[in-house]
Amino acid sequence: MSVFFIDWRPMNRSATQVTEFVLLGFPGCRKIQIFLFSLFLVVYVLTLLGNGAIICAVRRDPRLHTPMYFLLGNFAFLEIWYVSSTVPNMLANILSQTKAISFSGCFLQFYFFFSLGTTECLFLAVMAYDRYLAICRPLHYPAIMTGRLCGMLVSFCWLTGFLGYPIPIFFISQLPFCGPNIIDHFLCDMDPLMALSCAPAPITELIFYTQSSLVLFFTLTYILRSYTLLLRAVFRVPSAAGRQKAFSTCGSHLVVVSLFYGTVMVMYVSPTYGIPTLMQKILTLVYSVMTPLFNPLIYSLRNKDMKFALRNVLFGMRVSQNS
């Protein structure tokens with residue numbers, strides 16, 4: 001019977017030969033690289049503008065100074081950082097001849113990518129709780145979802161997301177990486193890094209994937225439970241206009257949840273060994289790049305108050321430029 005053993009003592013960094021990794025990204029001829037650079041740059045700029053516009057609208061419009069929009073503003077702020085943890089380096093990598101990323105830079109990206117992703121899961125659960133209270137317990141909503149509780153929930157999301165991964169990622173960084181150093185991906189992810197390690201670390205992998213799976217399953221279970229109760233309450237609303245408004249709000253949230261969780265669970269819960277490398281890259285693009293792009297459209301196009309506030313922000317910018 002084989003016994004797995006892991007030495008938890010930090011290894012000597014000088015004994016590690018690898019000082020940088022090579023991110024292959026999306027290989028292709030020069031024309032394809034230029035096309036991909038232009039495409040991802042446009043997506044990145046639109047993501048920054050869309051989420052930035054939501055933040056400005058929530059800050060400037062007094063009608064949006066409510067818990068739901070406070071959470072939405074924080075969520076937009078999170079999306080800006082989430083997409084910024086991958087796309088700028090991906091753009092630089094496309095233009096680079098060596099496509100190299102330093103050892104410390106790789107693990108810093110690894111940490112921020114997973115911490116921000118965990119924070120997003122928690123935010124989606126908190127936003128589902130907010131919608132549940134607003135629709136299922138409307139009379140108690142102002143007394144329960146106070147500004148203080150809202151601030152505490154937002155702080156909980158950020159702190160839990162960023163305090164959950166330093167120790168596991170530190171131990172992964174202490175594994176020996178003797179070579180090769182080529183990662184067939186556009187970011188530093190768990191599976192490619194563990195494949196390059198010279199020593200097996202099953203306990204470290206188990207801890208990391210167990211932690212990630214628990215976050216995904218608990219938040220997704222809570223979200224589904226909240227929306228199940230919420231939809232039951234919506235069907236009891238007597239007026240058609242009230243049902244339509246509730247469905248509009250819930251539908252936008254469920255689209256975001258489906259896009260994000262659907263692709264994340266394929267990557268980090270189900271086995272990825274049988275999934276082609278290109279498909280893994282596309283799935284990662286969906287939840288890390290495309291979802292932050294779609295969120296402003298999903299939340300603003302189906303919300304009259306947000307559309308009105310965004311028009312005011314854009315109109316105010318035009319007036320200030322013309323004056």
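## Basis of the model

The structure is a predicted model, in which local features need pLDDT of at least 70 and side-chain atom pairs count only at pLDDT 80 or more, while totals for chains, interfaces and linings use all residues. Residues are numbered from 1 along each chain as its sequence is written, and side-chain values use heavy atoms, with hydrogens and water left out.

## Overall fold

The secondary structure of the protein comes to 12 helices and 3 strands, where helices (H or I, at least four residues) and strands (E, at least two) are DSSP runs numbered from the N terminus. Of the 323 residues, 48% count as buried; buried means under 20% relative accessible area, exposed means over 50%, and partly exposed lies in between, with a 1.4 Å probe and protein chains only.

Contact here means heavy atoms within 4.5 Å. Among contacts between residues at least 6 apart in sequence, 81% join residues at least 24 apart.

## Nonpolar core

A nonpolar core is a set of buried Ala, Val, Leu, Ile, Met, Phe, Trp, Tyr and Cys residues joined through side-chain atoms within 4.5 Å. The largest one has 96 residues, and those with the most contacts inside it are Phe21, Phe107, Phe110, Tyr261 and Met306. The largest share of this core, 17 residues, comes from α4. In soluble globular proteins, nonpolar side chains tend to be buried together.

Phe110, one of the residues with the most contacts inside the core, touches Ile169, Ile172, Cys188, Asp189, Met190, Leu193 and Phe208, when residues up to four places away in sequence are not counted.

## Cavities

The whole structure holds 3 cavities of 30 Å³ or more. A cavity is a set of points, on a 1 Å grid over the protein atoms alone, where a 1.4 Å probe fits but cannot get out, and lining residues have an atom within 4 Å of a point. Grid points are joined across faces, edges and corners, and a volume is the space filled by probe spheres set on the points.

About 160 Å³ of space lies in the largest cavity. Of the 14 residues that line this cavity, the closest to its centre are Phe114, Gly117, Thr118, Val264 and Tyr268. The elements that give two or more residues to the lining are α4, α9 and α10 (240-268), and α4 gives the most, with 5 residues. The lining divides into 11 nonpolar, 3 polar and no charged residues, where Ala, Val, Leu, Ile, Met, Phe, Trp, Tyr, Cys and Pro count as nonpolar, Asp, Glu, Lys and Arg as charged, and the others, Gly among them, as polar.

## Cysteines

A disulfide is a pair of cysteine sulfur atoms within 2.5 Å, and a search of the whole structure finds 2 of them. In one, the sulfur atoms of Cys106 and Cys188 are 2.0 Å apart, and the torsion about the S-S bond is about -125°, so this disulfide is left-handed. The pair links distant parts of the chain, 82 residues apart, with Cys106 in helix α4 (residues 103-136) and Cys188 in the loop between β3 (182-183) and α8 (190-196). Cys106 is buried at a relative accessible area of 0%, and Cys188 is buried at 1%.

The other disulfide joins Cys178 to Cys198, with an S to S distance of 2.5 Å. This pair also links distant parts of the chain, 20 residues apart, with Cys178 in the loop between α7 (166-173) and β3 and Cys198 in the loop between α8 and α9 (202-235). Cys178 is partly exposed at 35% relative accessibility, as is Cys198 with a relative accessible area of 38%. With the bonded cysteines numbered in sequence order, the pairing is 1-3, 2-4. Cys157 is buried at 0% relative accessibility, and its sulfur is 9.6 Å from the closest cysteine sulfur, in Cys150, which is too far for a bond.

## Two buried threonines

Thr47 lies in helix α1 (residues 30-60) and is buried, with a relative accessible area of 0%. Leaving aside neighbours within four places in sequence, Thr47 is in contact with Gly52, Val83, Val289, Pro292 and Leu293. Thr47 and Thr291 are 244 residues apart in sequence and 9.3 Å apart in space, C-alpha to C-alpha.

Thr86 is found in the loop between α2 (67-84) and α3 (87-95) and counts as buried at 0% relative accessibility. Not counting residues up to four places away in sequence, Thr86 touches Gln109, Phe113, Leu187, Ser288 and Val289.

Definitions and conventions
On a 1 Å grid over the protein atoms alone, a cavity is a set of points where a 1.4 Å probe fits but cannot get out, and a pocket is an open set with protein on both sides within 12 Å along at least five of seven lines; lining residues have an atom within 4 Å of a point.
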